[in-house]
Amino acid sequence: MRRSTILFAAAFLLAGCGGAEPAATAPSPSPSPSSSAPAAGGSWMDGFCGSLIDFAKIGDFRMPDFEQNDPASARNAMDEAFGVFAPGFDNAVTGLKGLGQAPSAEAESVRKSIVEALTPIRDQVVAAKAKLDAAPKDDKQATAEAAIAFRRIGSDINDMPDPFQQLETNASLKSLAAQAPNCKKLPS
């Protein structure tokens, strides 16, 4: 890939979902009715970030070295790559689609734009992985086709619009992220 959009996306994600621990505050005796909305928003944001934990692992992935004349080595590299990318994309799309009511229209807009950006790539990754998994381990053609699909997927990732920009620039989403434990699990 000519640039790592995944790392780029992870950086934006961290700006919205990670970072410094929130300052400690004195515990309140019991939540008031008006404080349930922020709590619900924090819970939603926790699910949002939780959906992206496996996706964030893609940013750490490095394609293993392999000899092009060694089909077993190439197959292992492709299996390893799809073993990271498939759950990363699939868990993100499935988790984000399964979130309940967003705490605000802007949060819903961010969720929807990320789902729309990731779904077609997820579909390509899952289909390529399934095709490779169905082929015998020594099938050179299947491995070559998987490598071509992986390069195409990488190109699509690089061409993908940045769905995470709003997480960096939206103050209310940053505030919700500070309340969400899963957001702190994302790499910083």
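These legends accompany several close-up views of a predicted model.

**Close-up 1. A disulfide joins C49 and C183.**
Let us begin with the cysteines. The sulfur atoms of C49 and C183 sit 2.0 Å apart, and the count for the structure comes to one disulfide. C49 belongs to helix α2 (residues 36-51) and C183 to helix α9 (residues 181-185), so this pair links distant parts of the chain, 134 residues apart. Is C49 buried or exposed? C49 is buried, with a relative accessible area of 0%. C183 is likewise buried, and its relative accessible area is also given as 0%. The torsion about the S-S bond is about 80°, so the disulfide of C49 and C183 is right-handed.

Now to the aromatic rings. Six aromatic pairs turn up in a search of the whole structure. F61 is in the loop between α3 (53-57) and α4, while F85 is in helix α4, and the pair links parts of the chain 24 residues apart. Both partners are shielded from solvent by the accessibility values: F61 is buried at 12% relative accessible area, and F85 is buried at 2%.

**Close-up 2. F85 also pairs with F150.**
What kind of pair do the rings of F85 and F150 make? Their centres lie 5.0 Å apart and their planes stand at 70°, so the pair is edge-to-face. With F85 in helix α4 and F150 in helix α6 (residues 140-159), the pair ties together parts that are 65 residues apart in sequence. F150 is buried, with a relative accessible area of 12%. Stepping back from the individual pairs, one aromatic cluster is formed by F55, F61, F82, F85, F89 and F150.

**Close-up 3. Helix α4 crosses helix α5.**
Here the view turns to two helices. The axes of α4 and α5 come within 8 Å and cross at roughly 145°, and the crossing is left-handed. Which residues make up the contact of α4 with α5? They divide into 16 nonpolar, three polar and eight charged.

**Close-up 4. R75 is a buried arginine in helix α4.**
R75 is found in helix α4, which covers residues 71-97. Its relative accessible area is 2%, so R75 counts as buried, the cut-off being under 20%. Which residues does R75 contact, leaving aside its neighbours within four places in sequence? They are L132, D133, A135, P136, K137 and T143.

**Close-up 5. P103 lies in the loop between α4 and α5.**
P103 counts as partly exposed because its relative accessibility is 38%, a value between the 20% and 50% cut-offs. Not counting residues up to four places away in sequence, P103 touches G41, W44 and L176. P103 and S172 are 69 residues apart along the chain, and their C-alpha atoms are separated by 10.0 Å.

Definitions and conventions
Residues numbered from 1 in each chain as written. Predicted model: local features only at pLDDT ≥ 70, side-chain atom pairs only at ≥ 80, totals over all residues. Heavy atoms only, no water. Helix = DSSP H or I, 4+ residues; strand = E, 2+ residues; numbered from the N terminus. Buried < 20%, exposed > 50% of the residue type's maximum accessible area, 1.4 Å probe, protein only. Contact = heavy atoms within 4.5 Å. Disulfide = S-S within 2.5 Å. Axes fitted to C-alpha atoms, helices over the stretch in contact; angles between N-to-C directions. Left-handed = near helix turned anticlockwise from the far one by under 90°. Nonpolar A, V, L, I, M, F, W, Y, C, P; charged D, E, K, R; others polar. Phe/Tyr/Trp six-rings, centres within 6.5 Å; stacked < 30°, edge-to-face > 60°.
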